[in-house]
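Here are my notes on this one, point by point. Have the viewer open while you read.

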Amino acid sequence: MSFPIPALKGQRVILREVIPEDRVSYLAHAGEREAAWGFGGEMKDVGPKAPEQADRWLKGRPGWMHWVITVDGRHIGTVSLHDLVESDRRVTLAIGIMSAGDMNQGFGTEAMKLVLAHGFGEMKLHRIDLRVLARNKRAIRAYEKCGFVHEGVQRQVASIDGRWEDDLMMSVLEHEFEP
């Protein structure tokens, strides 16, 4: 099943489809250290991105619902739903704020709440889950504010800069979400 990607409007953020002009902001901010750390990137991932990487990002991933998070018209990050299992009415969420200056402002929390309301409302989903590096305490707090519950830990699932990192598994069910 394919779902349209509607614009979603909150108090401070607007979520919209990716447009060609987003390539510029991607190239300007996608390799920032704080964002790479939160996404689980390695030090080699920090630094300017190549135009080819921006082109791949613009094209998106097949089967993903991908929104750009904007604040005052600025592209500050992305939020996506992927790996939809229609028969179980479940999907996985991913989010990232690109620039450290836009972190800790509540923009990611607001964006997630908009996507969760859309997922449980328009899409009639039952479950939305995610995985997050256990070290990413800022993201975990944001997920908890949105109603995500800890389900478990996948131990030493990612090797990042020569260190093993754990992933936390979290989810929110339709009856648990409060818009």
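1. Let's start with helix H1: its buried residues are covered by, among others, strand S2 (13-16), helix H3 (51-59), strand S3 (65-71) and strand S4 (74-85). Cover here is counted by contact, meaning heavy atoms within 4.5 Å. Helices (H or I, at least four residues) and strands (E, at least two) are DSSP runs, numbered from the N terminus.

2. Some housekeeping before going on. This is a predicted model, where local features need pLDDT of at least 70 and side-chain atom pairs count only at pLDDT 80 or more, while totals for chains, interfaces and linings use all residues. Residues are numbered from 1 along each chain as its sequence is written, and side-chain values use heavy atoms, with hydrogens and water left out.

3. Back to H1, which spans residues 22-29: its buried residues are Asp22, Ser25 and Tyr26. Down the axis of H1 they fall within an arc of 105°, so they line one face of the helix. That arc is taken from the directions from the helix axis to the C-beta atoms. Val24 and Ala28 are exposed on the other side of H1. For the cut-offs, buried is under 20% relative accessible area, exposed is over 50%, and partly exposed is in between (1.4 Å probe, protein chains only).

4. Zooming out, the protein chain has 5 helices and 8 strands. Read from the N terminus, the order is β-β-α-α-α-β-β-β-α-β-α-β-β. Among contacts between residues at least 6 apart in sequence, 61% join residues at least 24 apart.

5. What about overall size? The radius of gyration of the protein chain is 16 Å, which agrees with the value near 16 Å for a compact globule of 179 residues. It is taken over C-alpha atoms, and the globule rule is 2.2 Å times the number of residues to the power 0.38. The C-alpha trace spans about 40 × 40 × 30 Å along its principal axes. Buried residues make up 44% of the 179.

6. Helix H5 (residues 137-145) buries Ala139, Ile140, Ala142 and Tyr143. These cover an arc of only 160° around the axis, which puts them on the same side of H5. On the other side, Lys137 and Lys145 are exposed. The cover over the buried residues of H5 includes strand S5 (90-97), helix H4 (107-120), strand S6 (127-133), strand S7 (149-160) and S8. Just after H5, Gly147 takes a positive phi of about 100°.

7. Which residues does Thr109 touch, leaving aside its neighbours within four places in sequence? Thr109 sits in helix H4 and is in contact with Ala142, Lys145 and Cys146. Its relative accessible area is 13%, so Thr109 is buried.

8. Last, have a look at Leu168 in strand S8 (residues 163-173). Leu168 counts as buried because its relative accessibility is 12%. Beyond its neighbours within four places in sequence, Leu168 is in contact with Leu130, Arg131, Val132, Ala134, Ile140, His150, Gly152 and Val153. Ile140 in that list is also one of the buried residues of H5.
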